[in-house]
Amino acid sequence: MTHTIVAGLGCWLPPTVVTNADLMAPEMDAFVRRRIGIAQRHRISDGAATVHLATEAGARALASAHTEGVDALILATTTPDRLCPAGAPEVASRLGMTGIAAFDINAGCSGFLYACELAKGLIATGTAASVLVIAAESTSTMVNPADSSTAPIFGDGAGAVVLRAARPGQASTLGPTVWGSDGTLADAIAIPAGGSRQRAASPASDGNDLYLHMRGTEVLRNAVRRMKAAATGAAAAVGWDLSDVDVLIAHQANAAITTALAAALPFPLARMPSNIETIGNTAAASVPILLAQAAGDGTVKEGQRVVMVAFGSGLSWAATTATWPQGVTPCL
């Protein structure tokens, strides 16, 4: 079976920054900073959408890998431009790769790690020698600006990696993935209308059915439990104890979840980098954006043992490990 290595890494944040002061009164600003840990977030501009974010991040990952093309492209997103068609083929064409296999997946905030596991499978079977995995989200378009439980939390952005087959003698970068789902809680994080089950908002909802709904307390409880089990399982699958791990890259849902996860594992919070204060929750894009930034500023270094873990709608969760390779400089 062919091993997989990380060959390139990139991310993109739209230039428009929206601060708490732009969205809320000072007392709410203080609450959001204290309880959620967010001071600002990036937002796409009018006329832009998820495909545009994905293209920017994908171009940066390709540049980081010193390549102009790959054999397949997977786009992980919960905020597609349209219900039909998928955005990945358009992203591939915008990147000059018309004709390659390209498809979307939706696994909530776990989507990036799900997509990496699919890419590993394509490489392991020889179906593709290289895969561009992109996670991109325009979550600000899916939240009701008047909903104080969701509007301050989410930001927009994209992260991407180029994965390719390892050469003879090269060790795999990525370890096995521990993943799962619980559809009994499918409505804990959901947009009720717009799909085949309910095409339009109900009159009684005043259009709110078309926006994201989230049961915060239930999400927090399940997020900590599921991410703890997944991170521990992923480390054990490669023979590591959590004490052997140098850096834990956790989905940036909110600061309370990150702190609770560190306590539950237990794992030193100082070795869990965070960007939620300046970026917010970028859903599926959260893990690759944070990974790119951590590799860029030297938090993640060559040879270090890294665990990546995420949890999101579905409910879904996933974790994997990485022994960080030599010579990968992210394009930010």
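In what order do the strands of the open sheet of five strands run? I read β1-β7-β6-β4-β5, with mixed pairing; strands are DSSP runs of E, at least two residues, numbered from the N terminus, and two pair if DSSP finds at least two bridges between them.

I note that this is a predicted model, where local features need pLDDT of at least 70, side-chain atom pairs count only at pLDDT 80 or more, and totals for chains, interfaces and linings use all residues. Residues are numbered from 1 along each chain as its sequence is written, and side-chain values use heavy atoms, with hydrogens and water left out.

I found β1 (4-12) and β5 (101-105) at the edges, each pairing on one side only. β1 and β7 (residues 156-165) pair in the antiparallel sense over eight bridges. Ile5 stands opposite Arg164 in β7.

**Aromatic pair.** I found one aromatic pair in the structure. The rings of Tyr114 and Trp179 have centres 4.7 Å apart and planes at 55 degrees, so the pair is tilted (centres within 6.5 Å; under 30 degrees is stacked, over 60 edge-to-face, the rest tilted; for Trp the six-membered ring is used). Tyr114 lies in helix α5 and Trp179 in strand β8 (residues 178-181), so the pair ties together parts 65 residues apart in sequence; helices are DSSP runs of H or I, at least four residues.
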